[in-house]
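Dear colleague,

Please find the structure below.

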There are 2 protein chains.
Amino acid sequence: MERTTRRALLGTAAAGALAVGLTAAGPARAAEKRIRVAVLLYDGFTALDAVGPYETLCRLPGVRVVTVARRTGPVRTDTGQLALATERSLADVSRADVLVVPGGGNRGIVAAMADPVLLDWIRRLHRHTTWTTSVCTGSLLLASAGLLKGLPAATYWASRPYLEKLGAVPAPGRFVETGKIITAAGVSAGLDMGIHLAARLSDEATAKATQLAIEYDPHPPFDTGSPEKADEATRRLALKLVEGH
Amino acid sequence: MERTTRRALLGTAAAGALAVGLTAAGPARAAEKRIRVAVLLYDGFTALDAVGPYETLCRLPGVRVVTVARRTGPVRTDTGQLALATERSLADVSRADVLVVPGGGNRGIVAAMADPVLLDWIRRLHRHTTWTTSVCTGSLLLASAGLLKGLPAATYWASRPYLEKLGAVPAPGRFVETGKIITAAGVSAGLDMGIHLAARLSDEATAKATQLAIEYDPHPPFDTGSPEKADEATRRLALKLVEGH
């Protein structure tokens with residue numbers, strides 16, 4: 001009974017084909033390798049920085065996403081208006097195939113950059129990852145951990161000068177892949193990086209299907225999503241909004 | 001000392017202008033009206049459906065986002081790999097200016113559609129909202145609550161036939177505004193709807209700045225984000241990935 005409803009909810013045309021996947025070997029069950037994705041959370045992180053990559057990776061065959069923070073329990077975002085639950089502490093997680101380091105607001109990032117335990121954990125995880133990634137100002141944490149010296153990297157548009165001070169080479173684009181490190185630009189760029197990473201972790205067909213699974217056919221109502229496309233007044237107001245919290 | 005670091009982190013050119021906003025009246029402080037946004041969470045919701053609108057609205061002047069669920073505490077997503085913390089129960093929240101209803105996986109949506117307490121809460125909130133919104137299969141909940149009879153509405157691409165069975169008129173596009181109801185298409189469409197809603201709740205200049213604040217200048221690596229752009233094999237695989245959890 002429930003199965004009938006489930007089919008109906010997710011399209012009727014493909015229901016027959018779907019039933020095979022449901023009853024025999026769904027993609028997750030068919031996969032042999034296990035891919036562990038660790039998403040680091042810290043007080044003052046930006047929600048979409050973490051959730052973008054999560055949403056693009058969590059349905060890939062064999063992938064299991066875990067959130068990790070200094071302590072288990074709720075971790076509050078930069079605006080203080082939302083919290084994600086964390087089930088693993090840094091001490092619990094010593095290995096991951098993919099590390100995702102989200103960015104955060106000023107307060108959160110400044111504190112995280114000054115946290116030797118956090119930076120040491122990032123360094124240790126990085127030693128054995130297949131991919132080490134960041135979104136937005138998360139690259140400032142990778143740089144603070146010493147992982148971006150002389151390397152091209154993306155970051156939040158307004159933080160490029162600061163990334164440079166930390167020894168990296170700020171680069172344009174939605175994300176930058178250098179060796180096993182992928183850094184994404186601000187906040188929403190984690191979605192573009194996530195789809196790219198999905199192709200790396202599985203294959204292009206699965207990544208394309210992932211893009212459809214989250215119906216990622218973006219049509220923002222305006223065209224002010226990069227500092228080059230926005231005027232000076234918009235840039236100032238954007239920073240004021242970000243600083244407001 | 002910390003203020004210097006904060007300025008440096010978020011761009012150097014605008015630091016002077018920023019200082020004014022920081023010390024005098026930042027946009028949030030200058031706002032007089034308070035806009036309460038309630039994001040409904042339920043077991044099996046899709047993370048990005050909720051976090052997309054949150055991230056586009058949470059920095060607007062006067063806006064305060066709260067997450068609401070049957071019970072306070074962590075609420076698990078459709079994949080079971082992530083949980084958002086909820087601080088308000090349905091009984092705690094009887095009014096909101098904006099209601100956001102995210103979609104979910106099959107199991108979560110089927111259960112929510114059969115939950116009279118949840119549907120009644122949606123109906124009661126809707127009576128006094130300025131905007132009632134949904135993302136993805138969240139429109140199936142609005143329809144189940146009787147709010148979409150004969151109205152055009154967006155939903156997850158694969159769920160259009162089901163939305164029609166519930167009495168709504170499935171419509172194309174990233175989001176559909178009809179009266180005070182705005183329904184968005186699948187998962188990531190909540191970002192586009194959120195920017196649109198930001199303009200409605202504040203003004204176009206602030207919405208444009210919000211888009212820059214989250215650096216929303218999308219460049220997905222592929223072009224398979226809608227069923228019309230994806231081939232049959234990609235559509236089938238997408239549904240398999242979604243059904244995998």
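Two residues are in contact when they have heavy atoms within 4.5 Å. By that rule, 102 residues of chain A are in contact with 103 residues of chain B. Please note that this is a predicted model, in which local features need pLDDT of at least 70 and side-chain atom pairs count only at pLDDT 80 or more, while totals for chains, interfaces and linings use all residues. Residues are numbered from 1 along each chain as its sequence is written, chains are lettered from A in the order in which they are written, and side-chain values use heavy atoms, with hydrogens and water left out.

The interface

Chain A and chain B bury about 9,300 Å² between them, 65% of it on carbon and sulfur atoms; buried area is the accessible area (1.4 Å probe) that two parts lose on being put together, summed over both. Six salt bridges are found across this interface, a salt bridge being a side-chain nitrogen of Lys or Arg within 4 Å of a carboxyl oxygen of Asp or Glu. In a salt bridge, the side chains of A:Arg59 and B:Asp78 meet at 2.9 Å, N to O.

Aromatic pairs

Over all chains, the search finds two aromatic pairs. Rings of Phe, Tyr and Trp (its six-membered ring) pair if their centres lie within 6.5 Å; planes under 30 degrees apart count as stacked, over 60 as edge-to-face and the rest as tilted. The ring centres of A:Tyr156 and A:Trp157 are 5.6 Å apart and their planes stand at 50°, so this pair is tilted. B:Tyr156 and B:Trp157 also form a tilted pair, with 5.6 Å centre to centre and 50° between the planes.

Are these residues buried or exposed? A:Tyr156 is buried at 3% relative accessibility, and A:Trp157 is buried at 8%, where buried means under 20% relative accessible area, exposed over 50% and partly exposed in between (1.4 Å probe, protein chains only). Both B:Tyr156 and B:Trp157 are buried.

Yours sincerely
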